[in-house]
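This briefing covers selected local features of one protein model.

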Amino acid sequence: MKRALAVALGALLAATPALAQDQVVNVYNWSDYIAEDTIEKFTTETGITVNYDVFDSNELVESKLLAGNSGYDVVVPSGFFLERQIQAGLFQPLDKSKLPNLEHMDPEVMESTASHDPGNEHAVDYMWGTTGLGYNVAAVTERLGADANLDSWDLLFDPETVAKLADCGVAMLDAPAEAYAAALNYLGRDPNSESEEDLQAAEELLMSIRPYIRYFHSSQYIDDLGNGEICLAMGYSGDVFIAADAASEAGQGVEIAYVIPEEGALKWFDLFAIPADAPNADNAHAFIDFMLRPEVAAANTNYVYYASGNLSALELIDDEVKNDPAIYPTPEVSAKLFTLNAHSPQYDELLTRSFTRVKTGQ
Ligand code: N2P
């Protein structure tokens, strides 16, 4: 009897493979980038199971997409990477009829992201933020003196300054595009330059501070800043706030600050997109539309401290988040932010080689 039932069930499942497959969505998102209960809520409501993988590097996402058959249905690259991924045909156009919550998007954000994705055809912003500096207030003040300017990239890029911080631990993002853009901006050069001379100048700057960098990693600094293992990191705005929160909750007196340095910083957008070969494109649309609901978008921003691309969510975002100029910059701060365009493949190759020389210190 049992066996007969099993055979009958097996036959049923075999006859409806699409049904079984429809109940899954494979999402590849940045680490520490979603509220704790968002996925569970989505699954409870839709019955769709979310296989949720995380990354901390645009370069990694790109290599998986280029290899093909990633198996992912939703990925979240930054605009300056997404731009050339669209050109390479790696994404399918969004079916906007399946995304009614697009109406909640911030028109200004849509306009900015259209520079990466003409007509906003292939992607929609999740969150946006800046790449600046996170530091341990006491450790840095103790080494640089109470009068030191802590609002400057000098903390990282001036060899004399960063040398004084080496003993308490300095970390840098393992993200060549962003490291070189910050270096070029510090040197007063165009962060979007692809000239070899500028590349060389940025490499020289990075080489000059290389002896004082403990490691290159794009997420390890969150824990390390929070528990006092390091005292300075080039990092992503919200990630530094997560470290600051962890530090204050631990109650050990560690105070972490995030600064958009006065010389300016990169403003980036991370966007949802559906790979051309996504196995579950319908479920991908369902997931993205859920994430675009104002209450879901607000809960995510309140949890991870990155600005939302969703305008309707704003009234649901905590005051301490939306009134923090390091998360939602004032017009004066915004004026100092710069954006990045996609690199040409030729430049990217030079950049990767240069960054490898910096990392290995040779
Ligand atoms: C999330 C980091 C995302 C910022 N933890 C990089 N675009």
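Asp32 counts as partly exposed because its relative accessibility is 40%, which lies between the 20% limit for buried and the 50% limit for exposed. The model is predicted. Asp32 also has a positive phi of about 50°, although it is not a glycine.

**Residues with positive phi**

- Most residues other than glycine have a negative phi.
- Asp32 sits in the loop that links β1 (24–30) to α3.
- Asn69 is not a glycine either, and its phi is positive, at about 50°.
- The loop between α4 (58–67) and β3 (74–75) holds Asn69.
- Asn69 has a relative accessibility of 71% and therefore counts as exposed, the cut-off being over 50%.

**Packing of α3 and α14**

- Two packed helices are described by the angle between their axes and the distance between the axes.
- For helix α3 (residues 38–46) and helix α14 (residues 281–291), the angle is about 125° and the axes are 11 Å apart.
- α3 and α14 are therefore oblique to each other, since about 125° falls between the 115 degrees that ends the roughly perpendicular range and the 145 degrees above which helices count as roughly antiparallel.
- Their crossing, α3 with α14, is right-handed.
- On the α3 side, the contact is made by Thr38, Lys41, Phe42 and Glu45; on the α14 side, by Asn283, Ala286, Phe287, Phe290 and Met291.
- The residues in this contact of α3 with α14 comprise 5 nonpolar, 2 polar and 2 charged.

**Packing of α11 and α18**

- Helix α11 (residues 196–209) packs against helix α18 (residues 345–360) at an angle of about 20°, and their axes are 10 Å apart.
- α11 and α18 therefore count as roughly parallel to each other, the limit being under 35 degrees.
- The crossing of α11 and α18 is right-handed.
- α11 contributes Glu196, Leu199, Glu203, Leu206 and Met207 to the contact, and these meet Tyr347, Leu350, Leu351, Ser354, Arg357 and Val358 of α18.
- By class, the residues in the contact of α11 with α18 are 7 nonpolar, 1 polar and 3 charged.

**Strand β9**

- Strand β9 (residues 266–273) is mostly covered, with 7 of its 8 residues buried.
- β9 runs antiparallel to strand β4 (residues 123–136), and 8 bridges join the two.
- Phe272 in β9 is the bridge partner of Val124.

Definitions and conventions: Residues numbered from 1 in each chain as written. Predicted model: local features only at pLDDT ≥ 70, side-chain atom pairs only at ≥ 80, totals over all residues. Heavy atoms only, no water. Axes fitted to C-alpha atoms, helices over the stretch in contact; angles between N-to-C directions. Helix = DSSP H or I, 4+ residues; strand = E, 2+ residues; numbered from the N terminus. Parallel < 35°, antiparallel > 145°, perpendicular 65-115°, else oblique. Left-handed = near helix turned anticlockwise from the far one by under 90°. Contact = heavy atoms within 4.5 Å. Nonpolar A, V, L, I, M, F, W, Y, C, P; charged D, E, K, R; others polar. Buried < 20%, exposed > 50% of the residue type's maximum accessible area, 1.4 Å probe, protein only. Pairing = 2+ DSSP bridges.
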